[in-house]
Structures are given as C-alpha cells and as structure tokens.
Amino acid sequence: MSRSWKTTVLGSLAVAGVVSMSGVTYGVSYGAEGPAEAAVISAGPDLWAAATIEPGREGRVEVGGYEGMPLGEGSTLTLTAPTGTRVTGMPFAALGYRGAVGQGGATGTYTFTGASGASGASGASGAAGEPAPAAGDPGSASDSPSEAWKRRTFPFLLSVGPEAEPGTRLPDCALVLRDAKGTVRERATCTVTVGLPVPTLSRPQSGVPVDALSRTVGTAYPGAQISVRDAAENEVCSTTAGPNGIWHCVPALALTPGPGRLQATATMNGVSSTSEQIDITVSGAPEAEATSSRQSRRPQ
C-alpha cells in the first residue's frame, strides 16, 4: 500500500475501547477467534461510526446518531467500505429492517421495511425463535417511521487486508442515509483505524521460577516497539520486534526476589496493544549481588 494516503493516528484507541457520544456509550470486544476490538467515536455532526481493526482481521462498526427528520418505509442506511477493506456481513437481522452486502463487499445497506406490527404489540418474537427485541432496538414491534433510525445503532462487519499497516486511518469510509425516494437526508464520514496485533510473552513461562536476570521472549508485529513492565508498572526491559516478529530482552536491573508479574506492551505509529500478564517467582541474589555479578561478566 502507498503511504501517501495514510494518516498516522497520533493518539491510540484503547483495546476494547469505549467512547461516549450524545450521552450514549458503546464498546465492543472480541476474542482471539472473533473480530478485533472496536470503539465508537464521533465521525460527523449527526451520523457517526468508527472501529479499530487489526490487519487481516474482521471487526464490527456500529453506526448511529441520527436525529433528523422522520424517514419511512423504504429509507436506507449505506456504509461504503474504506480503501483496503470490504463489508463481510450485516449481523443485525430482525423485524422491520433488512441488511444486504453490495457486490464485492464495497458497500453494506440496511433498509427500513416498515413498522414491525401494531404499535405497542405484546408477545412479538424475534427471528428463529429468539426473544422479541426490546422497545427502541432496531426491529422492535413498536418501531414507527418517525423512530426508524433514531436512538439506536446498526452493525456492519468489515474485513481489513493483511497488508494494512498498524496506526493508519483508512480513507473513503462514508455513511449515507436516504429516504424512500433516494434523496440523501444525511451524509457523514466514518473512521476505520488499523489496529496493532496483541503481542505475546512466552518466556519466562507463567508460574515457573526464574532468576533475577532472566531473558524475556515473545512475538509481536514486526517493527513494533516492545516494553516489558512489572506489577508496579516499572519498565523491566525494552526492544524492537524483528522482521520475523520475534523479540527478546534482558532486564536492565535485577528483578526483585519473590512473586511478581510481567506484561509486554507493543507500540507502533501511535497505536498500542498489551499482552496477557504472567505470574513469576524470582529466585536468586538480591539486586546488589546481581548487579555485581553482571559487572563481573563484562569483558575486561
């Protein structure tokens, strides 16, 4: 990919970030087998949407914020996928709304098909035997044209290419809300940032006794800056992940004897991610003796 269109993100979005907009807070978190974490932030004066998605991963973008004029049956909400991504799914499917993915995943569109039954109807059930949507949710039995796109969010699944560089903001993400005649009623941009894969900390192994100067080893995105910290947030050592993604470093100061904890943080182009914590038990000499031992090993 050319870097000419890339914008480096100066502030990192937290993993599983949560951001408040218009008095409503949203956050999404997915595990290793699912989509990457996403965060919702402002992307326009009314409609908004954003996500942070790792290279080669799928993530969820929540679109919402519309507070304009009432739009009735046949109105549509369309997300145009930013460069380097494609829409892979429209995970919301319920009474009153229909989702469709455009050719090649270039777009995703939700269509309001009309109020889903009599206003205030009770006992309505969701699709495939699921419980009825709550009032105010998309597909609620009490939906009306005046509330079709208001005070709710609509999810789109986006897949980011494996070649995307962490910390870049992908261009050309767009949101358009049209009425049944096709007239544009709201237009906004959306923000998709390439996230940084979570680093691993494989050595020392959790629960295995180590000496005060044990080397730490793990993997991370190639070129990412790595900082290993203890339970008190003191930096133990730092390094850079190699072209093969492997990194290793040795503590600059001897670790304090006894139980402890280590965690690795990767940083690149303003975005960061953090490994799981591992519990360690440090054995060996106190710091002063360990320092003397290091000095004795230096070439004369």
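To begin with the setting, how many helices and strands does the secondary structure of the chain come to?

Author: The model is a predicted one, and its secondary structure comes to 1 helix and 24 strands. The chain has 300 residues, of which 44% are buried. Among the contacts in the chain with a separation of 6 or more, 60% are made by residues 24 or more positions apart. The accessible surface of the chain is about 14,400 Å², and carbon and sulfur atoms account for 51% of that surface.

Let us turn to the aromatic rings. A pair of such rings is described by the distance of the centres and the angle of the planes. The count in this model comes to 7 aromatic pairs. In one of them, the ring centres of Tyr 97 and Phe 154 lie 5.3 Å apart with the planes at 55°, so this pair is tilted. The pair links distant parts of the chain, since Tyr 97 is in strand E9 (residues 97-101) and Phe 154 is in strand E11 (residues 153-160), 57 residues apart. Tyr 97 and Phe 154 are both buried.

A further pair also involves strand E11. The ring centres of Tyr 110 and Phe 156 are 5.1 Å apart and the planes stand at 75°; because an angle over 60 degrees counts as edge-to-face, that is the class of this pair. Tyr 110 and Phe 156 are both buried.

Rolling a probe the size of a water molecule over the atoms shows where empty space is left. The model has 2 cavities of 30 Å³ or more. The second largest cavity holds about 30 Å³ of space.

The largest pocket has a volume of about 290 Å³. Its lining comprises 19 residues, and those nearest the centre are Asp 230, Val 236, Ala 254, Leu 255 and Thr 256. Strand E20 (235-240), E22 and strand E24 (278-283) each give two or more residues to this lining, and the largest share, 5 residues, comes from E22. The lining of the pocket divides into 11 nonpolar, 4 polar and 4 charged residues.

Thr 256 lies in the loop between strand E21 (246-249) and strand E22 (258-268). Its relative accessibility is 62%, and because exposed means over 50%, Thr 256 counts as exposed. The C-alpha atom of Thr 256 is 6.9 Å from that of Ala 212, although the two residues are 44 residues apart along the chain.

Note on methods: Residues numbered from 1 in each chain as written. Predicted model: local features only at pLDDT ≥ 70, side-chain atom pairs only at ≥ 80, totals over all residues. Heavy atoms only, no water. 1 Å grid on protein atoms, 1.4 Å probe; cavity = no way out; pocket = protein on both sides within 12 Å on 5 of 7 lines; lining within 4 Å. Points joined across faces, edges and corners; volume = space filled by probe spheres on them. Phe/Tyr/Trp six-rings, centres within 6.5 Å; stacked < 30°, edge-to-face > 60°. Helix = DSSP H or I, 4+ residues; strand = E, 2+ residues; numbered from the N terminus. Buried < 20%, exposed > 50% of the residue type's maximum accessible area, 1.4 Å probe, protein only. Contact = heavy atoms within 4.5 Å. Areas by Shrake-Rupley, 256 points an atom, 1.4 Å probe, with all protein chains shown as cover. Nonpolar A, V, L, I, M, F, W, Y, C, P; charged D, E, K, R; others polar.
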